[in-house]
2 protein chains.
Amino acid sequence: MSDTKPFLDQRVMDLVNTYILSNANPETKVAHHLPPEKLRSQIDLTLPENGCSLDELYKTIEQYLTFSVRTGHRQFFNQLWSGFTLPGLLGELFASLANTSMYTYEVAPVATLMEKELIKKLGGICGFENPEGLFVTGGSNGNLQAMMIARNRALPHVKSKGYSNAAELIAFVSEEAHYSFEKSANVLGLGSTNLRKIKTDDTGRMIPEELAMAIEESLEKGKQPFFVGATAGTTVKGAFDPLEDIAPIAKQHDLWFHVDGALGGTVILSPRHRHLLEGLDKADSFAWNAHKLMGLPLMCSILLVREKGHLWKTNSVSGTDYIFHDESYGAYDLGPISLQCGRRVDALKLWLSWKYYGDKGYTERVDRFFELAAYAEDIVNHAPSLELMAPRSSVNVCFRYVPNTSEDIDKFNLRLREELARKGKALVNFARLGEDVAIRLVIANHELTREDVSLFFDSLIQTAESLT
Amino acid sequence: MSDTKPFLDQRVMDLVNTYILSNANPETKVAHHLPPEKLRSQIDLTLPENGCSLDELYKTIEQYLTFSVRTGHRQFFNQLWSGFTLPGLLGELFASLANTSMYTYEVAPVATLMEKELIKKLGGICGFENPEGLFVTGGSNGNLQAMMIARNRALPHVKSKGYSNAAELIAFVSEEAHYSFEKSANVLGLGSTNLRKIKTDDTGRMIPEELAMAIEESLEKGKQPFFVGATAGTTVKGAFDPLEDIAPIAKQHDLWFHVDGALGGTVILSPRHRHLLEGLDKADSFAWNAHKLMGLPLMCSILLVREKGHLWKTNSVSGTDYIFHDESYGAYDLGPISLQCGRRVDALKLWLSWKYYGDKGYTERVDRFFELAAYAEDIVNHAPSLELMAPRSSVNVCFRYVPNTSEDIDKFNLRLREELARKGKALVNFARLGEDVAIRLVIANHELTREDVSLFFDSLIQTAESLT
């Protein structure tokens, strides 16, 4: 416990810089991949009655870094984010140091203005002229809040009286949409069976005709359609639903049209690739995770709403006069439109990063990801032992290894992935496409080069050969 | 935009340490308290097409620190948290550096085990023998999830089929409970009128007899009571509802018994003061904000559930097989029981802090807060110009200045608070108790001494005299 020395010293510097340097070293393992019991034997996790010294604290931090997965390593392809950026880290460090909360302008003056600036900027890019928005706790939460705005719009009495005797509300997403829509249907009390999953084509895009039919069918059954959630960048295939074709269907039936751009929202920053999001300006709301393709530390999620007033109308409640005061520039307070009370300053890291990289930096970043994903696809297409499992839409490449043995191909690919991880050579995830196991490579690290991508496939093929 | 130098250097150290040092200097202003237009003229908030240099980035970070409110200053009493701790900052820094997500053991092995260890530890302290729990996005979110578990327990069909034709569910909290319960009633589709606010006594504690009567009344009207939310540490008065008396009432009617300990949960770490939470072991769930009295950077919130299985049953959904794999120690994954998909490692900072301070450090911390709050109360009681506005229960002291002029007393106290802030001498919040404005002093900074508390009252009385 001890003497209070509340200062950063050289040890912190050294720990951080050594970690970053070793991420760049190809000899460094991406992960140690220990089972829980083994890991427990490496780190003493118990919490003591008496505190420890600062020296001991730094030792445990070192252990934390050693046994954590290196998501900044250039052979980490396991999730929809990867890599390290200095402005992102600085944003987190200084947000923690000043440690304020986003609920009032009074206690977070600069951060409030930064968040508003970012909402204006992102809104403008999306074609929302007078946007409302805020930072939320994740893509799942953005989808939830969009669905909630739609629900409260469809049932104006629900906020005060609850569902009592309302018609059954029906929401529509694609069968490849993120599971958070089902979580949202549960939270909001709609029920998961009232979330209709619309068929997709072989690239993973929602089929608009199927959507139109499903809406008609619900209406015929006396239900009340209220929400369409399209996806810009699905989790497995990286597919973009055809927003331009979905928008008029939603409009025709007066449904709230939300776009989940958790993965693919960032693509709009590239003039070359933003056609994938054509029609976004007709959406009513848009969820965007800057901690994915924009390289910020988790979490950095935004919900944008095209027209002002919806978030306030949906989320504000009474009983808040102990915290929101008209006397203190209350009109600037972001708390009333949020579902959180205390809220971290997630805006600072995005604002600093944007300042540092500029629009151009982000354009280059997105273009580079697409170029490298195309390169990876090319490798798959030219390697006799590899098979592309779905047409590539963006930064995800789904493929598998085809062994020339009689072993079950799915089991083999699971073994292969596990072995790559066990050796610490690469961490890459898998998913099932229909019944088949596909390895899903995600390009999301801005430091990646063609060499890194080649290295990944070399390791994979070598490891596969050693397993057959 | 520029050369990538992804390293921390001496400038970061200097910025951090200078900031911490100047927090401790009584000459430093707590806040600059500029209106939005003025602040905008001080900082260029626009985001550029071309990126900036690292030098420019550090300059803007300096501006951020300059114009942000100093929540670590010893004259900051505005919110339910305050102060700075090194383990907290280190926890945030290294969580960001390793930057993983709490959804799978595979990608967050150490952090998953740390979170489980903390849940076990906190559960044990609360008297929950076999607890389930996880870190959530805030106290509001903890209250929401507790209410959701209760709702899904009361209406087992709601998860799949929605509310259709259910009886009206009624939830009960005190009239001094946090506004997040109303937000939760809205989110969950219960409706705010179905949240009954039970009367409190003059200390701010829920009156159990009033609760029992309200439940009976709801039953007589054919409604379905399902949830009681008690508060351990109300936002304004810091009052603790009598858990021991509420528990049997909840049990008698088979209602879910939740305790919102966002502010007061930490008090259980003090043998001297934990009697305020007597009866907590009979609660079904407990929300706890470690970023308040435990001094961690925002957010650090936990939801504990007494019996295992509720979170899983309530929150897990289908369509998650692309991320949760039985093959990779899936039984350890925390994602299925969470409403988030990607989730920050908030556990690291709490784990490191606990390691550093130990149980004893936290006991001393709580005892010190109570001792200083009693000291502040004493000052109020002995100063002829000050008036205590509510009996003190814990770390909140509600009082007002009584001017010897004919000016409206509420307006005067608002002016007084504003003037203290404008001068940068102290930031302290106010609330309305009935019709009266009360200044609410919160003791939550572990570095505070009696001298700091005295200084606050000296500044306040001096400023008040200068205003009359």
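Strand 5 (residues 224–231) of chain B pairs with strand 6 (residues 256–261) of chain B in the parallel sense, over 5 bridges. I took strands as DSSP runs of E with at least two residues, and helices as H or I runs of at least four, numbered from the N terminus; two strands pair if DSSP finds at least two bridges between them. Phe227(B) has Trp256(B) of strand 6 of chain B as its bridge partner. Helix 10 (residues 243–252) of chain B packs on the sheet and touches strand 5 and strand 6 of chain B. I counted residues as in contact if their C-beta atoms, placed from the backbone, lie within 7 Å. The direction of helix 10 makes about 170 degrees with that of strand 5 of chain B; axes are lines fitted to C-alpha atoms, for helices over the stretch in contact, and angles run from 0 to 180 degrees between N-to-C directions.

A note on conventions: residues are numbered from 1 along each chain as its sequence is written, and chains are lettered from A and ligands numbered from 1 in the order in which they are written. For this predicted model, local features need pLDDT of at least 70 and side-chain atom pairs count only at pLDDT 80 or more, while totals for chains, interfaces and linings use all residues.

Next I looked up the strand order in chain B. The open sheet has 7 strands in the order 2-8-7-6-5-3-4, with mixed pairing. Strand 2 (132–136) and strand 4 (195–198) of chain B each have a single partner strand, so one side of each is left without a neighbour in the sheet.

Then I turned to chain A. Which strands join strand 12 (residues 436–442) of chain A? Strand 10 (residues 396–401) of chain A runs antiparallel to strand 12, joined by 4 bridges, and Val397(A) stands opposite Leu441(A). Strand 11 (residues 427–433) of chain A is also antiparallel to strand 12, with 5 bridges, and Arg432(A) stands opposite Val437(A). Strands 11 and 12 of chain A form a hairpin with 2 residues between them, and Gly434(A) in the turn has a positive phi of about 65 degrees.

Last, I checked two helices. Helix 12 (residues 347–382) and helix 14 (residues 450–467) of chain A pack at about 35 degrees, with their axes 10 Å apart. Leu372(A), Tyr375(A), Ala376(A) and Ile379(A) of helix 12 meet Arg450(A), Val453(A) and Phe457(A) of helix 14.

Key
Contact = placed C-beta atoms within 7 Å.
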